[in-house]
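Subject: Structure handover

Hello,

Here is the structure for you to take over. My notes follow below it.

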Amino acid sequence: MTTLMKRLSIIVILALFVVSFAFAEPSINDLISEMPQDKVEAFLSGETIEMYSLDGEYVPSIAMDGSMGKSKAKKDYEKDNAFTLGLCTFIEYPESWGNMSFEEKKLEIINTFLSISTIKGITYISHTSGEKPKVLFSDAYTLVDKDSKKEAYDVQFSYAPTSYKYQVAAYLKDSIFGGNKYLVNYDISESEIFMTITNYTDLKFMFYKAVSKGELNMCVDAVMTKEGIAVFALATVYDQESSIQTPFGSIHLPSAFMKRITSLKNWFIQEINK
């Protein structure tokens, strides 16, 4: 082998090493430096950790270090005119994914988040109905665009991009606020898929406006690690009191939106395990 070929071989090996290192999955233990110590064991065992800013809890502490979810949580938590609530859990990769490459696993996560129609029928636990499950979203589908009422097929990717931003419009009909349009944004990085849902129409409760257009933001963040998937979900409500009073009844918004992000978290876990 000539000296030039040896040098070229060394360069190729070093380049492959750098690329391999750049795309290495993080370890879950390296992503939870701010998580309260009394929550870590429960989180790693698969329990769901919940926090409310109105209770004085630091919601960003349960988001993964360096993630888009943590950045969003910090930004919203610091706003004077908003309240936030969040949850996190950790799940192992499904057994059926055992022989999948990193890119194949990532594609499964992306396409799960894109499958808006599968949100239809997801439930929440109703305390007023004796801890029984009740349907939260009775209808859900992707729209042709944000100004249309026409249903479209769910978008599905054929490969997992390293970095990409994408938006779809969706219709969700829930048990409290009825049918509404939402903008769903996806931000994809090397090992993270960040989904945000923002109301594109006013949310009304018993004909009374509960949340104005654009003032509700719900997020589900999936961070891929060597050991599994860290899931963080966040809801932020801007410029709104925590409770809505009407002649027909009242609604406690933190509880209402914790039900929604809990249901979205459960939906994601249920879908990837199918």
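Are K72 and D76 buried or exposed? Both K72 and D76 are buried. Buried means under 20% relative accessible area, exposed means over 50%, and partly exposed lies in between (1.4 Å probe, protein chains only).

Ground rules before the rest. This is a predicted model, where local features need pLDDT of at least 70 and side-chain atom pairs count only at pLDDT 80 or more, while totals for chains, interfaces and linings use all residues. Residues are numbered from 1 along each chain as its sequence is written, and side-chain values use heavy atoms, with hydrogens and water left out.

Salt bridges

K72 and D76 also form a salt bridge, with the closest N and O atoms 3.2 Å apart. The term needs a side-chain nitrogen of Lys or Arg within 4 Å of a carboxyl oxygen of Asp or Glu. K72 and D76 are four residues apart in helix α3, so about one helical turn separates them. Helices (H or I, at least four residues) and strands (E, at least two) are DSSP runs, numbered from the N terminus.

The count comes to six salt bridges. One of them pairs E34 with K70, at 2.9 Å between the closest N and O atoms. E34 sits in the loop between α1 (3-22) and α2 (37-44), and K70 sits in helix α3 (residues 68-77), so this pair ties together parts that are 36 residues apart in sequence. E34 is partly exposed, at 35% relative accessible area. K70 is buried, at 5%.

E271 and K274 meet in another salt bridge, 3.0 Å from N to O. Here E271 is buried, with a relative accessible area of 14%. K274 is exposed, at 68%. Salt bridges that share partners also join E34, D65 and K70 into one network.

The sheet

Nine strands form an open sheet in the order β1-β2-β13-β12-β9-β8-β7-β5-β6, with antiparallel pairing. Its edge strands are β1 (49-52) and β6 (151-152), each of which pairs on one side only. Two strands count as paired if DSSP finds at least two bridges between them.

Take the pairs in order along the sheet. Strand β2 (residues 82-91) runs antiparallel to β13, with 10 bridges. F90 has A230 as its bridge partner in β13. β13 and β12 are antiparallel too, joined by nine bridges. D221 stands opposite F232 in β13. Four residues link β12 to β13 in a hairpin.

Next, β12 and β9 pair in the antiparallel sense over seven bridges. T198 stands opposite N217 in β12. β9 and strand β8 (residues 178-188) are antiparallel, with seven bridges. N185 has T196 as its bridge partner in β9. β8 and β9 form a hairpin with three residues between them. Further along, strand β5 (residues 137-143) pairs with β7 over six antiparallel bridges. L143 has A169 as its bridge partner in β7.

Which strands are covered?

In strand β13 (residues 229-238), 10 of the 10 residues are buried, so the strand is largely enclosed by the rest of the structure. I229, V231, A233, A235 and V237 point one way, A230, F232, L234, T236 and Y238 point the other way, and all are buried.

Strand β9 (residues 192-199) is mostly covered, with eight of its eight residues buried. E192, F194, T196 and T198 point one way from β9, and I193, M195, I197 and N199 point the other way.

Helix α5

Helix α5 (residues 253-272) has 20 residues. From first C-alpha to last it reaches 29 Å, close to the 28 Å expected at 1.5 Å a residue. That expected span is 1.5 Å times one less than the number of residues. α5 is mostly covered, with 16 of its 20 residues buried.

The cavity

The structure holds one cavity of 30 Å³ or more. A cavity is a set of points, on a 1 Å grid over the protein atoms alone, where a 1.4 Å probe fits but cannot get out; lining residues have an atom within 4 Å of a point. Grid points are joined across faces, edges and corners, and a volume is the space filled by probe spheres set on the points.

The largest cavity holds about 30 Å³ of space. F137, L172, D174, Y182, L216, M218 and R260 line it. β7 (164-174) and β12 (216-224) each supply at least two lining residues. The lining divides into five nonpolar residues, no polar and two charged. Ala, Val, Leu, Ile, Met, Phe, Trp, Tyr, Cys and Pro count as nonpolar, Asp, Glu, Lys and Arg as charged, and the others, Gly among them, as polar.

Best wishes

How values were computed
On a 1 Å grid over the protein atoms alone, a cavity is a set of points where a 1.4 Å probe fits but cannot get out, and a pocket is an open set with protein on both sides within 12 Å along at least five of seven lines; lining residues have an atom within 4 Å of a point.
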